Amino acid sequence: PVVAAAVVLPERFDLAGLDDSKRVAPARRALLDRAIRAVAPGLGIGEVAPSEIDRLGIHHAALEAMRRAVVALGERVEIG
């Protein structure tokens, strides 16, 4: 699947090593995940299944995963 996340972080949030997940080692990624979830007032996850990727193409599937993440985020926190 293609997975994307949308996160609302507190103002002046600084977390060493926070980067694109593809550039972070899995063990460090797990630590960052816990640290972010501990302080984030909002978090949304969007996922697109392989069958949808086949139908949409990888580019549009990635965009759809991002859209779903933002929609999921909006369901949990008030945006704006």
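Which residue forms a salt bridge with Asp33, and how far apart are the closest N and O atoms? Arg37 does, with the closest N and O atoms 2.8 Å apart; a salt bridge here is a side-chain nitrogen of Lys or Arg within 4 Å of a carboxyl oxygen of Asp or Glu. The model is predicted, so local features need pLDDT of at least 70 and side-chain atom pairs count only at pLDDT 80 or more, while totals for chains, interfaces and linings use all residues. Residues are numbered from 1 along each chain as its sequence is written, and side-chain values use heavy atoms, with hydrogens and water left out.

**Overall layout**

- The protein chain has three helices and two strands, in the order β-α-β-α-α from the N terminus; helices (H or I, at least four residues) and strands (E, at least two) are DSSP runs, numbered from the N terminus.
- The C-alpha trace spans about 40 × 35 × 15 Å along its principal axes.
- Of the 80 residues in the protein chain, 25% are buried; buried means under 20% relative accessible area, exposed over 50%, and partly exposed in between, with a 1.4 Å probe and protein chains only.
- Among contacts with a separation of 6 or more, 67% are between residues 24 or more positions apart; a contact means heavy atoms within 4.5 Å.

**Helix H3 and its cover**

- Helix H3 covers residues 58–74, and its 17 residues should span 24 Å at 1.5 Å a residue, which agrees with the 24 Å between its end C-alpha atoms; the expected span is 1.5 Å times one less than the number of residues.
- Its buried residues are Ala61, Glu64, Ala65, Ala69, Ala72 and Leu73.
- The cover over these buried residues includes strand S1 (2–8), S2 and H2.

**Val48 in strand S2**

- Val48 lies in strand S2 (residues 42–48) and is buried, because its relative accessible area is 0%.
- Beyond its neighbours within four places in sequence, Val48 is in contact with Pro1, Val2, Ile53, Ala61, Glu64, Ala65 and Arg68.
- Val48 and Ile58 are 10 residues apart in sequence, with their C-alpha atoms 9.8 Å apart in space.

- Glu52 belongs to helix H2 (residues 50–56) and is buried, at 18% relative accessible area.
- The side chains of Glu52 and Arg68 are joined by a polar contact of 2.6 Å; a polar contact is a pair of N or O atoms within 3.5 Å, where within protein one must be able to donate a hydrogen and the other to accept it, and residues adjacent in sequence count only if both atoms are side-chain atoms.
- Not counting residues up to four places away in sequence, Glu52 touches Gly57 and Arg68.
- Salt bridges link Glu52, Glu64, Arg67 and Arg68 in a network.

**Other salt bridges**

- The structure holds six salt bridges.
- Arg37 and Asp33 are both in helix H1, four residues apart, or about one turn of the helix.
- An α-helix has 3.6 residues a turn, so residues three or four places apart point the same way.
- Arg37 is partly exposed at 49% relative accessible area, as is Asp33 at 34%.
- Arg23 pairs with Asp19 in a salt bridge whose closest N and O atoms are 3.3 Å apart; Arg23 is exposed at 63% and Asp19 partly exposed at 41%.
- Lys22 forms a salt bridge with Asp20, with the closest N and O atoms 3.3 Å apart; Lys22 is exposed at 72% and Asp20 partly exposed at 31%.

**Surface and loop**

- Val7, Leu9, Leu18 and Val39 make a nonpolar surface patch of about 270 Å²; patches consist of residues with over 30% relative accessible area and no salt bridge, with like charges joined within 9 Å and nonpolar side chains (Val, Leu, Ile, Met, Phe, Trp, Tyr) within 5 Å.
- Val7 is in strand S1 and counts as partly exposed, with 36% relative accessibility.
- Arg12 sits in the loop between S1 and helix H1 (26–39) and is exposed, at 77% relative accessibility.
- The phi angle of Arg12 is near 60°, a positive value in a residue other than glycine.

Notes. Areas by Shrake-Rupley, 256 points an atom, 1.4 Å probe, with all protein chains shown as cover.
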